Every structure is written in structure tokens, then in C-alpha cells.
Amino acid sequence: MGRALPLRARSRISGSGRAEARLALAEFLLGCDDVAECAQWALDWLGAQTDARQVVCLLTDKERTQLVAIAGYGLPASRLPKLAIELDQREHPLVAALARGEPVELTLNGSSGRTPVMRLFGRGTFLAIPLMDGRKSEDAHGLLLVNPRAPDVVREGAWLADNLGPKLARLGATQGLETARAGLERERILLESIINAVHDPVLLTDHEGRMILANARAEALFASTERESEGRRRAIALNNMLFSAALAGRAIDRAEPTRRELLLVDPMDGSDLFFELLSTVVTDASEESQVVSVLRNVSDLRTAIEAQEENYHKLRLAEAEVRAERDRLELVIDAVADPILVTDPAGAIVMTNAPAEQLFTVRPDTPGEVAVRVQSNDAHFSSFVSNLLFAGDTLRHSGSIELTDPETGEGLPVEALGGKVQSAHGELVGVVTILHDQREALEKQQLYEQLKRASQELEEKVRQATAELVRQNELLRRQAIQLEHASALKSRFLANMSHEFRTPLNAILGYTSMLLQGVLGELTSQQRRSLSRVDSSGRHLLALISDILDISRIEAGKMPVHVSDFPLPELLAEVMAEVEPIVSRTSLCVTQELAPNLPMIESDRPKVKQIVLNLLANALKFTPEGWVKVSARFDDAGDRILIAVADSGIGIADDDQAKIFEDFSQADSSSSRAYSGAGLGLSISRRLASMLGGQITLESKVGQGSAFTLMLPRSRTSP
């Protein structure tokens, strides 16, 4: 029953002797650390010091659902463990006495003869003294039942209750704390075993990516020591930086899981590792948010996708269909979260995640057909776990399981990967099982078969098309030879005809000039206007013929290049002087901006002037109002001269910017176009710039103007 009572406590004494007995009890209670031992020792002390014949100590359990007897004096030891009263029995005398929180006298009669108290005490009257915990709370945590109710029994019982109650409360709290601490330690070990059994890296971090908890696979990627090599430490530091950046890029204030792709470095060999990062924000007991992250290695999947993309690139006819299939597969992959289950050594499920709970949990309001499907899933899963448990020393086991979606009844083929979790002493603690949905793999297999068939069909079509292309290429080659010959004949014809046109046209212009000068007599105003129109049209026709002749000479390779040194400001001044009559008839603001460091340029001066004049004439022609600016600067890095003609005119659409440099072409080629012209100026300018070793670039937007830039080498050696 506990320690033996000291010799002094076994004799009835009073006065100072009672004080010494109480002191002896207090000293014992002070050193006792077991609830039952303290209670039994105290009851023996009360029986030795008073006339008490029967004493029982009852305490509430830690859940406060029962009032249980823990020690007794003067009672059959076999009956004491049977005394347990549910606290929800409000009518029970002992429950009512516990609720009152003060000593209560209870009388047993014949109607209570079948109660546990009656069987212990028999008929009669006894006193129920509450045991308080000694704090400010007025709730009692136990009762001290004594019989009979003699004065010394009441006095010493009350003193004993005042000292025993706080002691038992403290011991109960201490033992509960130790039990809770042991439970927490077991749960911690189980949690570490679970996350270390997971094949994927699992981490618990703060919002800045600092690691709080990680399994072994995560530590291999993100943790290092000073004893490791410099290369490995740098790789791990890079991984931590990339991981922190990935966490910082997500919406931390949202609690739902997020998925993203994460590129890391393998610390062992420096190769790239691609992971799918699943992050979820959780809140601990201190209301601080933390992030749980799971990384799934998808390197092989990414390699396969890249290979598929390369094949899609080759199969252009099937590109749209393949892209749609790939997007659908990515959506399926992003929507899948694997169920995880933890079972004890007996095969009972003790922990699941949300996807597993949907497959294996029956709620009170679950319909009957859904419950049947859940029970079927549980039976299939139990069979898999049993195979692993009876596999001897095998630590891991995999296999296929046919499950069913409880809500829809749809079949779910999954691959189960189970691993035994062992303690540090090699004892089996539980089994962790991960279920991978195989529907995606089956869909990929079907897609691969479809792609294989499509590839074979396309290869046959490509073979047939290649044969046809060979035949068409031969025809095109022959036609190209014929076109080149015809183009040469055309160029020679245009060159000859241009000379033939210019001879009579010069005569027409000469006689027209003589008539306008009055050589053959005075002209009327109507005759002068008509002859002026003839002269203007003739000169316009002469300019067109000269342009055609220039193009023909360039194409025939007979356009000579005469290289000389000349100052660029002088040339630009001549150009501005020639367009002055045109500018005077408009309201445009024409300006010139020359850089101070312009060097002498070595090139064909007339051709450079012709190019700039064409560009400036076009700017004036296509700028109804606003401004035109001519600028020149020297590009020291490229050793070239840059002459730019910019305007605020109508601008040129992106689709027409290449077309305007073609022969006989304008941006607006309709019959109702607003601006006239043969479309040869820019074509000739581009060809002349190419002959001089330069080029012409264009920047333009519709309605915002254009900027043509002539780029010429500072020095052009004549052939």
C-alpha cells in the first residue's frame, strides 16, 4: 500500500503530538512524487490518527469525465478499482457533492443499496470533503469520503483535504505533463520518420526561405557543413537562393497550395534538377505563418517534354493538335496531388492527407453507396499493407491498386509505394504509403501511340511531298534561268529605249523652251499656260526615263562610281538650296542639324547627293503639315557617316515598309492614292547606297512620321 507509517503516527496523540504527526505527514507529502502513493499514505495516516473506520479518495481523470477511486482505507481492496462514476450523472450524490465544492453529509438508505458507494460503505452516514487544487479556481478535482462522522475525523479530514488536494493536483499536472511530453516526443519521432520516408524533399520554412525543418532528401539539397567541398557549398548556396526567390514570388497571404517549376543544382555533380514546387502556408500555435514545401523531381518529365517539343517542331502539320494535347497534360499534372496514408503495425489508418481522406473516410452524413465504395477502397488498401507487413525484412513495396472515386464511382488505377517506418531500435512504428494516380501515365501512353501513328503517316506524306518538291524545284530552276535571261534582255531594251526616248524628248523640251522665250514671236497667255504644262510634263517624263535608265544601268552593272573627297556640309547645303522652291510653296518647318565633328567623306558625290535629295523630296511630298529635319553625324565606332531625314508626315505601316524599296512600288498602290509618282526614288536610292558600300534604314509609324537614315562608310575606294 506504500511506505510504512512512522511509529509516532500509529498512536493516538493530541496537542503538540498532533502537530508533530501533521509535520511528519507534510514532510512525506513533500517528498512523494506518485499520486496513488501520496493518497494511500494520507488515508493510512488519517485512520491512524482518528476514529475513522472507512476512508476513500476519489479524483477526476484528466479529461474530467469520471470520478475514480485511487486509494482506500478500511475497505476491501478488490472493490476499490470498481468505483468510477461518470460526471455527466448530475443526479448522483457524489457528483453533486463535487460540484458544490464544500463538505457535504450524505446518508445512504435502502434505495441506494446497489450503488458502488453502498457496496463499499454499507448503510449509514458519511462525509464528502472536496479536494481543491489550492489555486484561485473554486472547482474541486476530487472528494475525500470518511465514515463515521466523528469530531476528530471531521477535523483531521478537513486538514488533510486542505493539504492533500493541492499536492495531488500538482502531481496530477506533473504526471500529465510528462505523459504529454512523452506523447509529443513519440509524435515527433513519428513525424521525422514519415517525412524522411517520403522520396521527395520536404521542408518547413519561414516566408524568407530560412529552413526550420527538413527531411534527409531536402538537407542533401539545401544544407552543408564547413567540412564539405567548396563546390558543394556553392551549389547548396545557389539552391537556397533559388528556393527563397521562388517562395518570395508567390502570394504568401493565400492559404491554398500553389505549384510552380523550380530549377536547382545537384550538389554532387552540378547537373540541373527540375522540381515541381508545391507550397502551402500554415500557422503554428503562436499565430506565426510558415510555409510547407514539397519538391517533386520532374527532370525526366521535362526532358521528355523537350523531346516532344522538338518532334512537334518537325511535324508542322500536327503542331496545333500536339500543343493542345500538351497543354491538357500539363493541366492534369498540375491538378494532381498524391494521397498519403500512415498506418500502425496492426494495419489501422492513423493519419491521412486531404486527398487520401476523400478516398478512405466515411462521414456520418455520407450516402450509402459512397460508404460502400470507401469500404471497398479500404479493403484493397488493407490487402496492399498486409503484403508489406508480411514481407519479412523488406522495407519497401510497390504495386498497383484499383480504387474507386467515392463520389462518382469512377475507377482510379493507382500505383502504391509503401515503406516501413522503424524506430531507432529497429522496431516497426508504422507504414507510410503514397498513392500515385496512374491515369495520367495511361493517357500519355495513349497519346504516345497516337503520335507514333501520326508520325508514321506524316513521314509517308513528307516522302511523297519531297518527290513532288524535287520535280517542282527542277521546273523552277529552268524557269529561273529563263527569267534571268529575260531580265537581261529587258535591261538592255530599257537602256536602249531610254536613249531613244530622250533624244526626241530633249528636242520637244528645246523647242518648247524657245517658244516660251518668244523666239518665234509673242505668245498669248493661254498659249503660254499650255506650253508651260507641256514643258512640265516633258521634264517629269525625262526624270522618269532617267530613273529607268539608272535602274537598268545598275542592274546591268554599267553604273560607274567616281570616288572623291568632299565636305558633307557643302553637299547638304546644295540639297537644301535645290528644294527651297518646293519648301516655299508649303507651310513646313524644314531644319538642318549637323554634328560639329563631321570629317571629309570619300565617296561618289553625285550619287550621295541624289540619295539625300530623293529622301528629302519624299519627306516634303508625304508631309502635309508639321516639320522635316535633315541631320548628319559621324559614328566613330563604325567609322561611318549617318545622314537622317525625319518628318512628321503620314508614316508607313509595318507591312509596307519593305515594299516601298521595290521597283515601281508605293505604300498605297490603289488607283485612288493621294500621292503620285512612279515609285522608283527609294528603289534607286537603296541600290545606289548598296553600290557605295552603305545601306538605308527606316523607322516609321502610321500617323507619327518617318525617319530614313543613310549609313555610308567614311572611305569608299573606287573599283
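## Aromatic pairs

The structure holds three aromatic pairs, where rings of Phe, Tyr and Trp (its six-membered ring) pair if their centres lie within 6.5 Å; planes under 30 degrees apart count as stacked, over 60 as edge-to-face and the rest as tilted. One of them is the stacked pair of F28 and W41, at 4.1 Å centre to centre with 20° between the planes. This pair links distant parts of the chain, 13 residues apart: F28 sits in helix α1 (residues 16-31) and W41 in helix α2 (residues 35-49). Helices here are DSSP runs (H or I, at least four residues), numbered from the N terminus. Both F28 and W41 are buried, meaning under 20% relative accessible area with a 1.4 Å probe, protein chains only.

F222 and F243 form a tilted pair, 5.2 Å centre to centre and 55° between the planes. Because F222 belongs to helix α6 (residues 216-222) and F243 to helix α7 (residues 230-248), the pair ties together parts that are 21 residues apart in sequence. F222 is buried at 5% relative accessible area, and F243 is buried at 1%.

## About the model

This is a predicted model: local features need pLDDT of at least 70, side-chain atom pairs count only at pLDDT 80 or more, and totals for chains, interfaces and linings use all residues. Residues are numbered from 1 along each chain as its sequence is written, and side-chain values use heavy atoms, leaving out hydrogens and water.

## Helix α17 and S685

S685 lies in helix α17 (residues 681-691) and is buried, with a relative accessible area of 0%. Leaving aside neighbours within four places in sequence, S685 is in contact (heavy atoms within 4.5 Å) with I611, N614 and I696. Among these, I611 is also one of the buried residues of α16.

Definitions and conventions
Buried means under 20% relative accessible area, exposed over 50%, partly exposed in between (1.4 Å probe, protein chains only). Helices (H or I, at least four residues) and strands (E, at least two) are DSSP runs, numbered from the N terminus.
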